[in-house]
Amino acid sequence: MQQTQTDPYQDIRDAVRALCAQFPDEYHRKVDEARGYPEEFVEALTQAGWMAALIPEEYGGSGLGLAEASVIMEEINRSGGNSGACHGQMYNMNTLVRHGSEAQRQKYLPKIASGELRLQSMGVTEPTTGTDTTKIKTTAVKKGGKYVINGQKVWISRVQHSDLMILLARTTPLAEVKKKSEGLSIFLVDIKEAMKSGMTVRPILNMVNHETNELFFDNLEIPEENLIGEEGKGFKYILTGLNAERTLIAAECIGDGHWFIDRVSNYVRERVVFGRPIGQNQGVQFPIAEAHIEVEAAGLMRDKACALFDAGLPCGAEANMAKYLAAKASWEAANACIQFHGGFGFACEYDVERKFRETRLYQVAPISTNLILSYVAEHILDLPRSF
Ligand SMILES: Cc1cc2nc3c(=O)[nH]c(=O)nc-3n(C[C@H](O)[C@H](O)[C@H](O)COP(=O)(O)OP(=O)(O)OC[C@H]3O[C@@H](n4cnc5c(N)ncnc54)[C@H](O)[C@@H]3O)c2cc1C
């Protein structure tokens, strides 16, 4: 097919692909089998500067936008890897860059850019409140020059492979604020220090090899200078990070979608049953073609969300819709891929079952499909609020 437009990010794609090619399927499969962390892979991405893509140049990063960051994440997943091991740094970065003080930026960004520090964790979700984020029960109470944190979080990822975490806590009780989104604040937590003085980390074994944890806070003290932005405005700030997160996850799903489509297309061209390649049957072709169309369409919505985000414009609708479309498309591609591999789709050595598990997560996290539909119904289509 003739390409009518050149891809403005082709150089980035080529460079990330070349790095990822040093980490073939066997590498990611072994990490998955061992339930390990792809330390060498993340280190290689860091040393090549990709993990500092969103850090402005004056702080040692490459000053790229979300569009470029999304291409990096897409290519990692398209190569057979899983950005879930390291995407936190990308989506957390905007929160710190956009809302952190100059002192915070100077203190942390150069060290994150060089790889000396990792900012891979974000603590939002709680066990008793789930998606109803403004009802979180973790509190931060100011005492002297410190905030004292008490409460609990669940599903907080990469804590054991990060130095810093952005934590959402309530600083003004819900009963005392006019709007439920007020009175929440975000803090930068030094994870290793916190683990010595009031934060307990309990890993959650889960279906994907995704390092994630329960956190318990018992009078954890955080210096007041670790508050990001103004006290009480944290929910607004965290939304910037969440829009970036949704757009980047969309990109990862697009990468997964391409991986599944490439793998299954290659397989059905070669696999001969009833005397002909199974890919000659339209019953086999159509689900693959459908998934390809949907992955490509999701890519366009991802591009739109990135363009708006990078221009500093509202992009909540586009970020959510990109995540919805991409997660659905990658899941359909995953189903076609496992289905047409027949029994071999279940054999670990084909990597299909691993990628199938990995991409399934994105129907639920970081936001479930239902909650995106609800957002679009209420905020875009002005339908009555359901909750
Ligand atoms: C592997 C993994 C890693 C994660 N990493 C992080 C992390 O690093 N940091 C973090 O803060 N969180 C993290 N999460 C949490 C994740 O964001 C939440 O699991 C997700 O937002 C859903 O919240 P919940 O699990 O509490 O589900 P609930 O809020 O209990 O919802 C359960 C289901 O009910 C449905 N539902 C709920 N309310 C409605 C409604 N009003 N209308 C229709 N349907 C509804 C949805 O389908 C939803 O999937 C992670 C989760 C997983 C599984």
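Reader: Which residues in α5 meet residues in α8, and which residues in α8 do they meet?

Author: The model is a predicted one. In α5, the residues are His-87, Met-90, Tyr-91, Asn-92, Asn-94, Thr-95, Arg-98 and His-99. Their partners in α8 are Tyr-237, Ile-238, Thr-240, Gly-241, Ala-244, Glu-245, Leu-248 and Glu-252. By class, this contact of α5 with α8 has six nonpolar, seven polar and three charged residues.

Reader: How do you know how the axes of α5 and α8 are placed?

Author: Two packed helices are described by the angle between their axes and the distance between the axes. For helix α5 (residues 87–99) and helix α8 (residues 234–270), the axes come within 8 Å and cross at roughly 150 degrees.

Reader: What makes α5 roughly antiparallel to α8?

Author: The crossing angle is roughly 150 degrees, and angles over 145 count as roughly antiparallel. Therefore α5 is roughly antiparallel to α8. As to its hand, α5 passes α8 in a right-handed crossing.

Reader: Why is α8 also called roughly antiparallel to α11?

Author: The axes of α8 and α11 come within 11 Å and cross at roughly 150 degrees. Since angles over 145 count as roughly antiparallel, α8 is therefore described as roughly antiparallel to α11. The crossing of these two helices, α8 and α11, is left-handed.

Reader: Which residues make α8 and α11 meet?

Author: From α8 come Cys-253, Asp-256, Trp-259, Phe-260 and Arg-263, and from α11 come Val-352, Lys-355 and Thr-359. The contact of α8 with α11 has, by class, four nonpolar, one polar and three charged residues.

Reader: How do α10 and α12 cross, left-handed or right-handed?

Author: α10 passes α12 in a left-handed crossing. The axes of helix α10 (residues 316–340) and α12 come within 10 Å, at an angle of roughly 145 degrees. On the α10 side, the contact is made by Ala-317, Asn-320, Met-321, Lys-323, Tyr-324 and Ala-327. On the α12 side, it is made by Thr-369, Ile-372, Tyr-375, Val-376, His-379 and Ile-380. By class, the contact of α10 with α12 has eight nonpolar, three polar and one charged residues.

Reader: What surrounds the ligand?

Author: The ligand is surrounded by 21 residues, and the closest are Val-124, Gly-130, Thr-131, Trp-155 and Ser-368. The elements that give two or more residues to this shell are β1 (119–123), β3 (146–157) and α12 (369–380). With three residues, β3 gives the most to the shell.

Reader: How do the residues of the shell around the ligand divide by class?

Author: The shell has 10 nonpolar residues, 11 polar residues and no charged residues.

Reader: What makes the phi of Trp-155 worth noting?

Author: Most residues other than glycine have a negative phi, and most peptide bonds are trans. Trp-155 has a phi near 65 degrees, which is positive in a residue other than glycine. Trp-155 is placed in strand β3.

Reader: Which peptide bond is cis?

Author: The bond from Ala-365 to Pro-366 is cis, with omega near -5 degrees. Pro-366 lies in the loop between α11 (352–360) and α12.

Reader: Where does the UniProt annotation "domain: Acyl-CoA oxidase/dehydrogenase middle" lie?

Author: The unreviewed UniProt entry gives that annotation to residues 121–219. This span is 6% helix and 47% strand, and its end C-alpha atoms lie 20 Å apart.

Reader: Which residues do the N-terminal and C-terminal domain annotations cover?

Author: In the unreviewed UniProt entry, "domain: Acyl-CoA dehydrogenase/oxidase N-terminal" covers residues 9–116. Residues 9–116 are 63% helix and 0% strand, with end C-alpha atoms 28 Å apart. The same record places "domain: Acyl-CoA dehydrogenase/oxidase C-terminal" at residues 232–366. Over residues 232–366 the chain is 74% helix and 3% strand, and the end C-alpha atoms are 23 Å apart.

Conventions. Residues numbered from 1 in each chain as written. Predicted model: local features only at pLDDT ≥ 70, side-chain atom pairs only at ≥ 80, totals over all residues. Axes fitted to C-alpha atoms, helices over the stretch in contact; angles between N-to-C directions. Helix = DSSP H or I, 4+ residues; strand = E, 2+ residues; numbered from the N terminus. Parallel < 35°, antiparallel > 145°, perpendicular 65-115°, else oblique. Left-handed = near helix turned anticlockwise from the far one by under 90°. Contact = placed C-beta atoms within 7 Å. Nonpolar A, V, L, I, M, F, W, Y, C, P; charged D, E, K, R; others polar. UniProt positions renumbered as here; feature names shortened; annotations may be inferred. Near = placed C-beta within 6 Å.
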